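Reader: Hi! Could you walk me through this one? I'd like to start with the aromatic rings.
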Amino acid sequence: MSFRGLASLVAPLFALMAGSALAQTADPGGDHPPPPRAAPLKPVEMTEELPPPREGVIVFGGNRDLGLEIVKELVAKGEKVTVMVRPSSDKTELEKLGVTLVEGDAMNPELAAKAAASAYYKAAISTLGGKPAPDGEPVDFEGNKNVIDGAAAAKIPRFVLVTTIGTGNSYSAAPLFARFVLRKILPLKEKAEEHLKASGMKYTIIRPGGLLKRPPEGKAVLTEDASKFGWIIRADLGKLVADAVYDEAAANKVYSAYDTTRDSFFSGLFERLDENKKEKEDAKK
């Protein structure tokens, strides 16, 4: 048989097979499912670069007294700690601890915001207050307002603020003498608390009573009972504040902090007077 004759026999067979395949494709109820079709290619969508993970804590007012005790506790926990300091601040103890220092000024909104945005922090702590700024202006509200605004602008999710018993609904818990001495400061601290609550950040407000400088004893507690008052050792308070950074149950809470063994105003006052006397004697040596 010639090639042309063979082709004339095979061609109808191929036509029949092709027709059967088309019929199966067109008939969804056939015995065989239609062959899969490749999905059309889509352009690759570029996603935004993810921000770095938040880590570390920035402390405002961390170069002395209570703030320094908080920094020590955070360092002991292995935390990355940054402290905002003025150029004129004594940095000796902070340098010994090996923390990061960033220059700033709580009374300057731009510098406070720059410090808050100097890294991608997961939390901020402020102990500002008690002593006026170099120009004599109280930092209890204005300074705290500036660092709160800076932290909110930097989208820091958590802020811990230390004020004092006698602020807000704890006013009647403070001894009359303390209310008199702090009569100009308590309203400023209350404004700072309210400003933080309205910031949108998760907040924890801790109000201690009178502060003592002796070694830690581990007897300090936090309570939501605003009627409580007591004295508290700075180092013990520092631990309570540092722990609050990691405690989700403390979010959006206001606490009073005191030592349950020092809930008498006069007993704590005598201890404080003894400390003052010893400090003066040591200064003369």
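Author: Happy to. A charge sits over a ring if NZ of Lys or CZ of Arg is within 6 Å of the ring centre and within 35 degrees of the ring normal. By that rule, Arg 179 lies over the face of Tyr 171, 5.1 Å from the ring centre. Lys 191 is placed over the face of Phe 141, at 4.3 Å from the ring centre.

Reader: Before we go on, what kind of model is this?
Author: This is a predicted model, in which local features need pLDDT of at least 70, side-chain atom pairs count only at pLDDT 80 or more, and totals for chains, interfaces and linings use all residues. Residues are numbered from 1 along each chain as its sequence is written, and side-chain values use heavy atoms, with hydrogens and water left out.

Reader: Thanks! How many aromatic pairs turn up in the whole structure?
Author: The search finds 3. Phe 177 and Phe 265 form a tilted one, 6.3 Å centre to centre with 45° between the planes. Rings of Phe, Tyr and Trp (its six-membered ring) pair if their centres lie within 6.5 Å; planes under 30 degrees apart count as stacked, over 60 as edge-to-face and the rest as tilted.

Reader: Where in the chain do Phe 177 and Phe 265 sit?
Author: Phe 177 is in helix 6 (residues 176-181) and Phe 265 in helix 9 (residues 265-284), 88 residues apart. Helices (H or I, at least four residues) and strands (E, at least two) are DSSP runs, numbered from the N terminus. Ring pairs also join Phe 177, Phe 229, Trp 231 and Phe 265 into a cluster.

Reader: Is Phe 177 buried or exposed?
Author: Phe 177 counts as exposed because its relative accessibility is 52%, whereas Phe 265 is buried at 17%. Buried means under 20% relative accessible area, exposed over 50%, partly exposed in between (1.4 Å probe, protein chains only).

Reader: Switching topic: which residues of helix 5 are buried?
Author: They are Gly 143, Asn 144, Asn 146, Val 147, Ile 148, Gly 150 and Ala 151. Their cover includes strand 1 (57-60) and helix 7 (186-197).

Reader: At what angle do helix 5 and helix 7 pack?
Author: About 10°, with their axes 9 Å apart. Axes are lines fitted to C-alpha atoms, for helices over the stretch in contact (heavy atoms within 4.5 Å), and angles run from 0 to 180 degrees between N-to-C directions. Helix 5 and helix 7 are therefore roughly parallel, as angles under 35 degrees count as such, over 145 as roughly antiparallel, 65 to 115 as roughly perpendicular and the rest as oblique.
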